[in-house]
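Please look through the sequence and the structure shown here, and then read the short report that follows.

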Amino acid sequence: VQLQASGGGLVQPGGSLRLSCAASGSIFSINAMGWSRQAPGKQRELVASITSGGSTNYANSVKGRFTISRDSAKKTVYLQMNSLKPEDTAVYYCNADVRSYGDTYYMDYWGQGTLVTVSS
């Protein structure tokens, strides 16, 4: 199983970006998916998550600005980021709880990370 994240880049304060993360491989089903971020010198923090049923959870720092969504048919999770601030600068990582064919349990997989830089 692999997760491929994309969509990062340089954006001015107040701008928007949309991150995508596609899962591939021997996947029977996916439970929760999410995005975390790690800024330089800081610990990784959860940004947003979404269950297979569509329930969402957000860090207080991004509520009202970020929106997480998923396309289960495409095995893809998205993070729409609006009103970006310099403090949103970080490497963003996606993760997914995946059950592979032949398994009876879920495992947590992580993508490689995509850099988001918010600067004028």
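## The disulfide

The link of Cys-21 and Cys-94 is right-handed, with 55° about the S-S bond. It joins distant parts of the chain, since Cys-21 belongs to strand E3 (residues 17–24) and Cys-94 to strand E9, 73 residues apart; strands here are DSSP runs of E with at least two residues, numbered from the N terminus. The distance from S to S is 2.0 Å, and a disulfide is defined as a pair of cysteine sulfur atoms within 2.5 Å. By this rule the count comes to one disulfide.

Cys-21 is buried because its relative accessible area is 0%, where buried means under 20% relative accessible area with a 1.4 Å probe and protein chains only. Cys-94 is likewise buried, at 0%.

## Basis of the model

This is a predicted model, in which local features need pLDDT of at least 70 and side-chain atom pairs count only at pLDDT 80 or more, while totals for chains, interfaces and linings use all residues. Residues are numbered from 1 along each chain as its sequence is written, and side-chain values use heavy atoms, with hydrogens and water left out.

## Asp-88 in a loop

Asp-88 is found in the loop between strand E8 (76–81) and strand E9 (90–100), and it counts as buried because its relative accessibility is 0%. The side chain of Asp-88 reaches the backbone nitrogen of Lys-85 at 2.8 Å.

## Ser-36 in a strand

Ser-36 lies in strand E4 (residues 27–38), and it counts as buried because its relative accessibility is 5%.

Definitions and conventions. Helix = DSSP H or I, 4+ residues; strand = E, 2+ residues; numbered from the N terminus. Buried < 20%, exposed > 50% of the residue type's maximum accessible area, 1.4 Å probe, protein only. Polar contact = N/O pair within 3.5 Å; in protein donor to acceptor, adjacent residues only side chain to side chain.
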